[in-house]
Amino acid sequence: MPSISIWEKESFFEQQDIIITGSGFVGLWSALKLKELNPLAKITILERGLIPSGASTRNAGFSCFGSPSELLQDVAKMGEQKTFELVNLRYQGLMQIRQYFSQDTIQYDAAGGYECFTPASTDWQQCEEGLQWLNNRLQSITGLTDTFTIADDKLGQFGFNGFNHLIENKLEGGLHSGKTVQALLQKIQGMGVQVLTGITVTSFEKQNGLITLHTDKQLSFCCRQLLLCTNAFTRQLLPQTDIIPARGQVLVTGPIDGCKLKGTFHFDQGYYYFRNLGNRLLLGGARNKAFEAEETTVMETSQPVQDELERFARTHILPGIAFTITHRWSGIMAMGSEKLPIVKMIEPGIFCCVRMSGMGVALAPVVAGQVASLMQQAQ
């Protein structure tokens with residue numbers, strides 16, 4: 001690393017009020033919320049990739065808060081209180097995104113969403129029997145008497161094979177994850193937030209009320225408050241954090257003549273998810289076919305999961321239709337012993353906002369506001 005000029009030192013590398021590690025959705029929204037609370041705060045975000053490197057720009061671009069089978073499964077595992085607390089966080093976050101950014105800016109597509117079932121689906125009976133109860137609980141969150149409705153009459157319009165039931169959620173939509181990240185970057189940079197990429201924080205230490213961050217670039221950064229927004233990669237800095245990495249894999253086809261798909265779709269408690277990108281198919285998931293292998297921070301896709309996604313597309317989504325696959329990628333999500341995010345002060349001056357459980361798009365605006373308030377109160 002060449003020596004740093006005085007101009008660089010006194011502009012890019014001066015002591016900061018706040019340093020945020022990670023420029024994914026949570027890091028970007030946190031910077032925005034912190035600036036709204038204190039416009040004069042000096043804030044720098046450090047990002048290890050050239051662009052966000054976890055899941056924010058590597059997801060499926062769903063604007064959703066959970067399918068019926070997923071929510072009912074969460075109630076069984078987490079209890080009613082935590083489940084609907086989490087749903088409310090997701091829903092409020094999605095509303096905030098649309099308040100901050102126009103539909104054109106983030107390419108929001110309010111096409112609605114569906115959960116699909118096959119005759120072999122073990123969740124259908126539970127969903128059918130529990131739908132009214134679920135809608136009653138959701139009414140205080142969404143304002144609708146029927147957030148979810150059975151929509152079997154629409155099965156024929158999408159060209160599916162092997163699905164015999166649909167449940168619709170008109171509140172769902174899709175967005176362009178990359179455009180959303182760009183919009184957030186432009187907004188916070190306009191507020192004076194500095195974003196430095198290609199820098200990995202390797203460790204940090206606290207001394208005399210200041211926090212020093214060491215990096216892989218022979219550069220050190222100094223701040224009064226540190227916020228870790230590294231989600232699935234947080235254990236590299238906080239080894240005891242309750243986080244399990246989970247790789248989510250995606251594929252996209254080339255254009256499909258006469259594509260009937262329109263909207264966002266879920267299957268098997270949300271472990272499979274697909275949507276249209278214009279006249280192309282985006283399909284992701286299937287990590288439940290190889291849970292242990294997919295608990296990894298390795299970004300490369302794996303053949304078994306990609307093969308399963310292709311099989312699912314040929315069998316159920318595009319039966320008898322020839323297609324080519326033009327894109328494959330994966331993103332790393334952060335799971336744990338429960339789905340609620342970790343938003344807390346680790347010790348005075350050091351905070352974290354992590355573990356989005358695959359719903360970072362929806363959760364980020366709200367949890368960012370929570371951690372920003374926590375940091376403001378701790379000053």
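1. Ser357 counts as buried, at 8% relative accessibility. The model is a predicted one, and in it Ser357 lies in the loop between β18 (350–354) and α9. Although Ser357 is not a glycine, its phi is positive, at about 55°.

2. Asn208 also deserves a backbone remark: this residue is not a glycine, yet has a positive phi of about 55°. Its place is the loop between β9 (201–207) and β10 (210–215). With a relative accessibility of 76%, Asn208 counts as exposed, whereas Ser357 counts as buried.

3. The largest nonpolar core comprises 67 residues, and those with the most contacts inside this core are Ile20, Trp29 and Leu227. Helix α9 (residues 360–378) is the element that gives the most to this core, contributing 10 residues. Another core, of 24 residues, lies apart from it; Phe267, Leu281, Ala286 and Leu318 are among its members. As general background, nonpolar side chains tend to be buried together in soluble globular proteins.

4. Which residues does Leu227 contact, leaving aside its neighbours within four places in sequence? The partners include Ile19, Ile20 and Thr21, together with Ser30 and Leu34. Further along the chain, Leu227 is in contact with Phe351, Cys352 and Cys353, and also with Val371 and Met375.

5. On the cysteines, the count comes to 0 disulfides. Cys222 is in no disulfide, and the nearest cysteine sulfur, that of Cys223, is 6.5 Å away. Because its relative accessibility is 22%, Cys222 counts as partly exposed. Cys229 is likewise in no disulfide; here the nearest cysteine sulfur belongs to Cys353, at 5.4 Å. Cys229 is buried, with a relative accessible area of 7%. For both residues, the cut-off that matters is a sulfur pair within 2.5 Å.

6. Helix α3 (residues 68–78) has 8 of its 11 residues buried, so this helix is largely enclosed by the rest of the structure. The buried residues are Pro68, Ser69, Glu70, Leu71, Leu72, Asp74, Val75 and Met78. Gly79 follows α3 and has a positive phi, near 95°.

7. How do α4 and α6 meet? The axes of helix α4 (residues 80–100) and helix α6 (residues 124–142) come within 10 Å and cross at roughly 45°. That angle makes α4 oblique to α6, and the crossing is right-handed. On the α4 side the contact is made by Glu80, Phe84, Val87, Asn88, Tyr91 and Gln92. On the α6 side it is made by Trp133, Leu134, Arg137, Leu138, Ile141 and Thr142.

8. Pro255 lies in the loop between β12 (244–253) and β13 (264–267). Is Pro255 buried or exposed? Pro255 is exposed, with a relative accessible area of 64%. Leaving aside its neighbours within four places in sequence, Pro255 is in contact with Asn279 and Arg280. The C-alpha atoms of Pro255 and Thr324 are separated by 8.4 Å, while the two residues are 69 residues apart along the chain.

Technical notes
Residues numbered from 1 in each chain as written. Predicted model: local features only at pLDDT ≥ 70, side-chain atom pairs only at ≥ 80, totals over all residues. Heavy atoms only, no water. Core = buried A, V, L, I, M, F, W, Y, C linked by side-chain atoms within 4.5 Å. Buried < 20%, exposed > 50% of the residue type's maximum accessible area, 1.4 Å probe, protein only. Helix = DSSP H or I, 4+ residues; strand = E, 2+ residues; numbered from the N terminus. Contact = heavy atoms within 4.5 Å. Axes fitted to C-alpha atoms, helices over the stretch in contact; angles between N-to-C directions. Parallel < 35°, antiparallel > 145°, perpendicular 65-115°, else oblique. Left-handed = near helix turned anticlockwise from the far one by under 90°.
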